[in-house]
Amino acid sequence: MGDSIGWGIVGYGWVARDYMAPGIRAAGHRLVAVSDSGQASRAAAEAEGARTHADIAGLLSEPEVEAVYVATPNHLHREAVEALAASGKAVLCEKPMAASLSDAEAMVAAVSKGGIFYGTAFDQRHHPAHRAMRDAIRQGRIGAVTTIRIVYACWLDRAWTSFAGQDNWRIDPLKAGGGALMDLAPHGIDLVDFLLDESIEDIAALTQARAQDYAVDDGALLIGRTGSGILANLHVAYNCPDALPRRRLEAIGTKGALTAIDTMGQVAGGTLSLTDGVSGQAQALSFDAEASPFLEQVRAFGSALRRPAERDAYSAERDLHTMRLLARAYEGCRTARVVED
Ligand SMILES: NC(=O)c1ccc[n+]([C@@H]2O[C@H](COP(=O)([O-])OP(=O)(O)OC[C@H]3O[C@@H](n4cnc5c(N)ncnc54)[C@H](O)[C@@H]3O)[C@@H](O)[C@H]2O)c1
């Protein structure tokens, strides 16, 4: 068995078509089959050379499919992951794990029962700039880390769709499980864990419904603190025009700071710099600016599928913790009150 993995995809929409399928191709793996309830999405998959099925049973019966990427709307992740876990196929499931904490808990139970290799598709872990940032932190180049600051924002209005005529499920609280906070904050929460090798333990958030005309939050500020006391600050939004500066990741330490600009997202590139805490001078740090986080994600998951020792980098329990943090952040918003004296 070579290193070329036979992939299946459940839900061949925007992220699968524009980022995962090209990542599979660039890694030298094979997109074998797709299941999608939508005719237009199945036609797009056929154009990519995949066999298609209207429901997941057809995909499960494909022996050539070794690993399955789940990229349906959030509320449909659970049923796909449960079916795949029972079939024994490896699963890479999009973030957030699910639209609700209870669904995510059921998924982790199914993964454990099925004994399958499971990962949540936190592609940002695989951006070469973020790997370089983690290396620099580990080498002590910014001293003791005090704070991670993240801005990850975009414009997503009621009419937003990835294809003409596609359901904008992101603005439906039952399908998405929340708004900008649910969609965008998982990346930042997971990146904090990736960069520091420790999780956020305490979290609070304030959300807003300020600029858009729908039922989910269109912006949020989150503050978090890791077990050892490092602070994290995340601004996520659906109400930030795309032409504004809106993708920034910083690690601040006692001796310097690392700043990544325009690296968060699905594509390769962006910039990374190291600012010295004494001189204030900034120098560019190099990284592979051609490799997209999706390509690197496919490579890493495929390699871990073939080499079980590499699976330590994945943890369904860690991803469940991220879901608990999201639930706590929303819960705190509901109970937050302005104190008047
Ligand atoms: N990591 C990232 O950068 C990133 C980016 C975008 C989306 N995502 C995540 O990927 C997932 C999909 O997002 P999207 O923007 O591609 O959505 P989308 O709406 O573009 O695509 C969803 C696809 O699922 C299909 N579908 C719907 N119901 C189905 C069912 N019951 N069975 C099979 N297929 C079904 C639809 O026909 C469509 O083709 C979400 O969980 C989202 O949060 C992640």
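Author: The side chains of Asp183 and Lys95 meet in a salt bridge, with 2.9 Å from N to O; the term denotes a side-chain nitrogen of Lys or Arg within 4 Å of a carboxyl oxygen of Asp or Glu. Across the interface of domain 1 and domain 2, the rule finds one salt bridge. The model is predicted, so local features need pLDDT of at least 70 and side-chain atom pairs count only at pLDDT 80 or more, whereas totals for chains, interfaces and linings use all residues. Residues are numbered from 1 along each chain as its sequence is written, and side-chain values use heavy atoms, with hydrogens and water left out.

The domain assignment of the protein chain, automatic or taken from a database, gives domain 1 as 6-123 and domain 2 as 128-295 + 327-334. Their C-alpha centres lie 25 Å apart. Contact, meaning heavy atoms within 4.5 Å, joins 23 residues of domain 1 to 22 residues of domain 2.

The area buried between the two domains is about 1900 Å², and carbon and sulfur atoms give 67% of that area. Buried area is the accessible area (1.4 Å probe) that two parts lose on being put together, summed over both. In domain 1, Trp14, Tyr19 and Asp123 lose the most area to domain 2, together 31% of what that side buries.
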